[in-house]
Structures are given as structure tokens and as C-alpha cells.
Amino acid sequence: MKSIVSNSLALALALLPVAVPAFADEAPAPPLATEWRNPSNSVHVRIDECGGQLCGTVTWASAKAQADARKGGTENLVGTRLFRDLKPAGAGKWSGKVFVPDIRKTFSGTITFADSNTMVGKGCVLFGVICKSQTWKRLP
């Protein structure tokens, strides 16, 4: 009897390291259909699923943000996808592309949901050597 219990326990412990990381590395479900504002509250973005991936589309922009985007070559800021092709990259983190409308450039980037009301968008160039982050807040 003792060897059956010992063998069962040994088997369970042997399988445990294989099973636990599979659950630990899964990203929590993103807050779909939520709206977020940038630090200066000049742009609002809606997070949604787009073609099986995550994206963030501008739903509102101040007159100044729209004018800055037009100067940079982006005619219609509202409706533009700022966050594109985002795929799970860890717990609460999504990796893909970030579009900067003022300069009409796309960079590799991530969005991380720090908590239910805080999202950090980060874009990088030169293989991640130079990066810029913005902390976005969830709109009520």
C-alpha cells in the first residue's frame, strides 16, 4: 500500500512542473470593448479584437491632436488604429505594433494592463534600445 501511495505521489510531483507553467504563462483575457485616454486626455482609444488579435482604435481626439496628426500626414485621426496586431506576450502583456500619427511611423511595441484601470503603451526602435512609454487610464 505504501509503495502505491509513494508511486502516485511521485508521479503527481513529476507532472506538476509540466502542468503549472502552462497555466502560469497564460495571459488574462484583455479588457475588450473598453475605452482608454492618454495622459493628456487628448486621445481616446477603444481596445477590441481585430482579426483574432488585439487592436486599439481612436474613438475621439481633441482638435489639437487632430491638427498635429494632420501636420504629420494622418488626415483622419479618429478611426486610426494606434495599436495593431497585438498578440499575447505574458501575463497582461500584448506585443505587436504601435502607430504614431504625428510622424506617420509604426514601431514595434507592447501594451501592458497593469490593473483594470491602467494600461501602459510602449513603442521601441533600434531593436528595443530606444523606447517611449505612455500610461493610459480607463474611461468610466
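Two strands are said to pair if DSSP finds at least two bridges between them, and the strands themselves are DSSP runs (E, at least two residues), numbered from the N terminus. What I am showing you is a predicted model, in which local features need pLDDT of at least 70 and side-chain atom pairs count only at pLDDT 80 or more, while totals for chains, interfaces and linings use all residues. Residues are numbered from 1 along each chain as its sequence is written, and side-chain values use heavy atoms, with hydrogens and water left out.

Let me begin with the overall arrangement. Eight strands close into a barrel, in the order S1-S2-S3-S4-S5-S6-S7-S8, and their pairing is antiparallel. From one strand to the next, the twist averages 30°, where axes are lines fitted to C-alpha atoms and angles run from 0 to 180 degrees between N-to-C directions.

Now to strand S8, residues 130-138, which pairs with strand S1, residues 34-37, in the antiparallel sense over two bridges. Within this pairing, Trp36 stands opposite Arg138 in S8. S8 is also joined to strand S7, residues 118-125, by eight bridges, again antiparallel, and there Val120 faces Thr135 in S8.

Staying with strand S1, we come to Thr34, which is placed in that strand. Is Thr34 buried or exposed? At 6% relative accessibility, Thr34 counts as buried, a term that means under 20% relative accessible area, with exposed being over 50% and partly exposed in between, using a 1.4 Å probe and protein chains only. The side chains of Thr34 and Trp36 make a polar contact of 2.8 Å, that is, a pair of N or O atoms within 3.5 Å, of which, within protein, one must be able to donate a hydrogen and the other to accept it, and residues adjacent in sequence count only if both atoms are side-chain atoms. Neighbours within four places in sequence aside, Thr34 is in contact (heavy atoms within 4.5 Å) with Val45, Arg46, Ile47 and Arg138.

Finally, His44 lies in strand S2, residues 43-50, and is buried, its relative accessible area being 14%. Its side chain is joined to that of Asn41 by a polar contact of 2.8 Å. Not counting residues up to four places away in sequence, His44 touches several others, including Trp36, Trp60 and Leu139.

Methods. Helix = DSSP H or I, 4+ residues; strand = E, 2+ residues; numbered from the N terminus.
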